[in-house]
Amino acid sequence: YSTLSISQKTGDIIIPKDFSFSATQIRSSTGDVDFLASVEEALEIKTSTGDINVKYTTSKSLTLIASTGDITVSNVNCHKDINIKLSTGESNLTDIKCQNLKAQASTGNISLNNVLTNEKFSVKTSTGDVKFDHFDAKEIYIKTDTGNVKGNLLTDKVFITNTDTGNVDV
């Protein structure tokens, strides 16, 4: 396995599924990042303006940061933590397994479908909704300032959700 490190100002970055890396760090100022390879250790992707798409990936940890753009994660198995930080855009997570999941958004919705975390799930939004379907975690914390929380869980549990201006429907 080799380490992949990419830093570029403009243009799209596409890493196909046929590759494997020990660790990966991608930085992009303007452009989309499509990542389908597997990573033995940490996968980190940061964009200023552009979408991040991570699909069919296995890694130890996953960190995705976007200032302006959407973050889409699907069919990912992460042995440790997934951290998502988004300023303006949408986050869509589908078919995910991980130890812990932490998501933050300033302006934008966060949607989860078929997401399983073994330990903790934490999400905070300033302006945006949180929606989840077929989701579960041992410990759940959801906070929105102006947004709605709606979803269903796979198992019964006590969980915390908080909204300053919005509706909660679980």
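In which strand is Leu-62 found? Leu-62 belongs to strand 8, which covers residues 61-68. Strands here are DSSP runs of E with at least two residues, helices are runs of H or I with at least four residues, and both are numbered from the N terminus.

## Model and confidence

This is a predicted model, in which local features need pLDDT of at least 70 and side-chain atom pairs count only at pLDDT 80 or more, while totals for chains, interfaces and linings use all residues. Residues are numbered from 1 along each chain as its sequence is written, and side-chain values use heavy atoms, with hydrogens and water left out.

The predictor's confidence in each residue is given as pLDDT, on a scale from 0 to 100. Its mean over the protein is 92, and 96% of the residues reach 70 or more. Confidence is highest in strand 4 (residues 33-35), at 98, and lowest in strand 18 (residues 160-165), at a mean of 70.

Leu-62 counts as buried because its relative accessibility is 1%; buried means under 20% relative accessible area, exposed over 50%, and partly exposed in between, with a 1.4 Å probe and protein chains only. The residues it touches are Leu-43, Val-73, Val-76, Cys-78, Asp-81, Ile-82 and Asn-83, leaving aside residues up to four places away in sequence. A contact of this kind means heavy atoms within 4.5 Å. Leu-62 and Ile-82 are 20 residues apart along the chain, and their C-alpha atoms are separated by 4.7 Å.

Ser-59 lies in strand 7, residues 52-59. Ser-59 is also buried, at 1% relative accessibility. Its side chain reaches the backbone oxygen of Ser-61 at 3.2 Å. Such a polar contact is a pair of N or O atoms within 3.5 Å; within protein, one must be able to donate a hydrogen and the other to accept it, and residues adjacent in sequence count only if both atoms are side-chain atoms. With residues up to four places away in sequence left out, Ser-59 touches Val-39, Glu-41, Leu-43, Asn-77, Cys-78 and His-79.

## Cysteines

The structure holds zero disulfides, a disulfide being a pair of cysteine sulfur atoms within 2.5 Å. Cys-78 is in no disulfide, and the nearest cysteine sulfur, that of Cys-98, is 6.1 Å away. Cys-98 is likewise in no disulfide, with the sulfur of Cys-78 as its nearest cysteine sulfur.

Cys-78 is buried, with a relative accessible area of 2%. Cys-98 counts as buried at 3% relative accessibility.

## Salt bridges

Side chains of opposite charge can pair when their charged atoms come close. The structure holds four salt bridges, each defined as a side-chain nitrogen of Lys or Arg within 4 Å of a carboxyl oxygen of Asp or Glu. One of them joins Arg-27 and Glu-44, with the closest N and O atoms 3.5 Å apart. Arg-27 lies in strand 3 (residues 20-30) and Glu-44 in strand 6 (residues 42-49), so this pair ties together parts that are 17 residues apart in sequence. Arg-27 is partly exposed, with a relative accessible area of 27%, and Glu-44 is partly exposed at 28% relative accessibility.

Another salt bridge is formed by the side chains of Lys-60 and Glu-41, at 3.6 Å from N to O. This pair links distant parts of the chain, 19 residues apart: Lys-60 is in the loop between strand 7 and strand 8, and Glu-41 is in the loop between strand 5 (38-39) and strand 6. Lys-60 is partly exposed, with a relative accessible area of 34%; Glu-41 is partly exposed at 37%.

Asp-145 counts as partly exposed at 28% relative accessibility, and Lys-143 is partly exposed at 22%.

## Aromatic pairs

A search of the whole structure finds three aromatic pairs. Rings of Phe, Tyr and Trp (its six-membered ring) pair if their centres lie within 6.5 Å; planes under 30 degrees apart count as stacked, over 60 as edge-to-face and the rest as tilted. Phe-19 and Phe-21 form a stacked pair, 6.2 Å centre to centre with 15° between the planes. Phe-19 is partly exposed, with a relative accessible area of 42%, whereas Phe-21 counts as buried at 9% relative accessibility.

Ring pairs also link Phe-121, Phe-132 and Phe-135 into a cluster.
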